[in-house]
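Dear colleague,

Please find the structure below, handed over for your attention.

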Amino acid sequence: MKYQVQENCLTIFLPTELDHHNAEEIRKEADHLIERNHIRYIIFDFEETAFCDSSGIGVIMGRYKRIYMLGGEVCAVHTNERMKKMLTMSGVTKIMHIYEEEN
Amino acid sequence: MENTNEMELIFDSRSSNESFARVTVAAFMTSLNPTVEEVSDVKTAVSEAVTNAVIHGYENEVHNIYIRCRTEERTLYIEIEDKGRGIEDIEAAMEPLFTTKPELDRSGMGFSFMEAFMDGLEVISEPGKGTVIKMKKIIGKGRKLWTAQPL
Ligand SMILES: Nc1ncnc2c1ncn2[C@@H]1O[C@H](COP(=O)(O)OP(=O)(O)O)[C@@H](O)[C@H]1O
Ligand SMILES: [Mg+2]
């Protein structure tokens, strides 16, 4: 998993294929980082992501629940139309802000 | 029949085979000349059904997953089967956000995505026997054949 920690903000650079197989690893590593670095904000960066399914949505929802309990927030950047559709269908867009591209 | 093609695939229910399964079905459907969007739809649906067989059907034990694909004219038919634990209440399972494994960070959106991205979904399951997911996708729905246009 590629990531960056800046103070209490964790950026997760999501993999090319965000499926069940990769989601497991992200879940473990992200939770470890959240605890160790007192993370309150998570940015999910979809820039590299070409494939996503409901397991990917699950890992995002799970991190949201953790961070929300700690009084923090999560958001997403570089989402394409397909990711947006999936996030909207699952109701994630109600709890998570999606930052639009600046052209 | 002339315009048909078939394939069958049997593989171990390991999470590392999820990408193998969706890429293989994507390769099989190329003869139908699908758009990038249509390939993505099918890949997501296959990934959902195979992941469910791994996590829910076999509960991470390694057994066989079966995929049967068939194209007929411009329709792709896919069947994905496991001989695992089966589904108690199919109607409940298909509800958006319903999951029996919330502790594993499941979103419960698998069946909803299969329904949204495919043109047909049928779930056949019996507790203790296993599950068969039947899906179909019509390729080139929005596209007009140039030969059908008046010249
Ligand atoms: N192949 C299967 N074998 C047994 N149970 C299944 C299978 N596929 C789906 N299910 C059941 O249906 C529920 C909903 O599936 P799905 O919509 O994919 O959500 P999720 O996988 O996130 O739980 C699962 O939680 C599980 O109880
Ligand atoms: Mg699922």
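In what follows, a residue counts as near a molecule if one of its heavy atoms lies within 4 Å of that molecule. Please bear in mind that this is a predicted model.

I begin with the ligand. Ligand 1 is surrounded by 17 residues, and the closest are His56(B), Asp82(B), Thr99(B), Thr100(B) and Gly108(B). By type, this shell consists of 10 polar, 5 nonpolar and 2 charged residues. Two helices of chain B, α2 (36-57) and α4 (110-117), each contribute at least two residues to the shell. The largest share, 4 residues, is supplied by α2(B).

Several polar atoms of chain B face the ligand. His56(B) places a polar side-chain atom 2.8 Å from an oxygen atom of ligand 1, and Asp82(B) has a polar side-chain atom 2.8 Å from a nitrogen atom of ligand 1. At Gly110(B), a polar backbone atom is 3.2 Å from an oxygen atom of the ligand. Of the 540 Å² of accessible area that ligand 1 has on its own, the protein covers 96%. As for its location, ligand 1 sits in the largest pocket.

The second topic is aromatic rings. Across all chains, a search of the whole structure finds 3 aromatic pairs. One of the pairs joins Tyr64(A) and Tyr68(A): the ring centres are 5.5 Å apart and the planes lie at 25°, so this pair is stacked, the cut-off for stacking being under 30 degrees. Both Tyr64(A) and Tyr68(A) belong to helix α2 (residues 54-69) of chain A, where they are 4 residues apart, about one turn of the helix.

With kind regards

Methods. Residues are numbered from 1 along each chain as its sequence is written. Chains are lettered from A and ligands numbered from 1 in the order in which they are written. This is a predicted model: local features need pLDDT of at least 70, side-chain atom pairs count only at pLDDT 80 or more; totals for chains, interfaces and linings use all residues. Side-chain values use heavy atoms; hydrogens and water are left out. A polar contact is a pair of N or O atoms within 3.5 Å; within protein, one must be able to donate a hydrogen and the other to accept it, and residues adjacent in sequence count only if both atoms are side-chain atoms. Accessible areas come from the Shrake-Rupley method with a 1.4 Å probe; for residues, only the protein chains shown count as cover. On a 1 Å grid over the protein atoms alone, a cavity is a set of points where a 1.4 Å probe fits but cannot get out, and a pocket is an open set with protein on both sides within 12 Å along at least five of seven lines; lining residues have an atom within 4 Å of a point. A molecule sits in a cavity or pocket if more than half of its atoms lie within 2 Å of its grid points. Ala, Val, Leu, Ile, Met, Phe, Trp, Tyr, Cys and Pro count as nonpolar, Asp, Glu, Lys and Arg as charged, and the others, Gly among them, as polar. Rings of Phe, Tyr and Trp (its six-membered ring) pair if their centres lie within 6.5 Å; planes under 30 degrees apart count as stacked, over 60 as edge-to-face and the rest as tilted.
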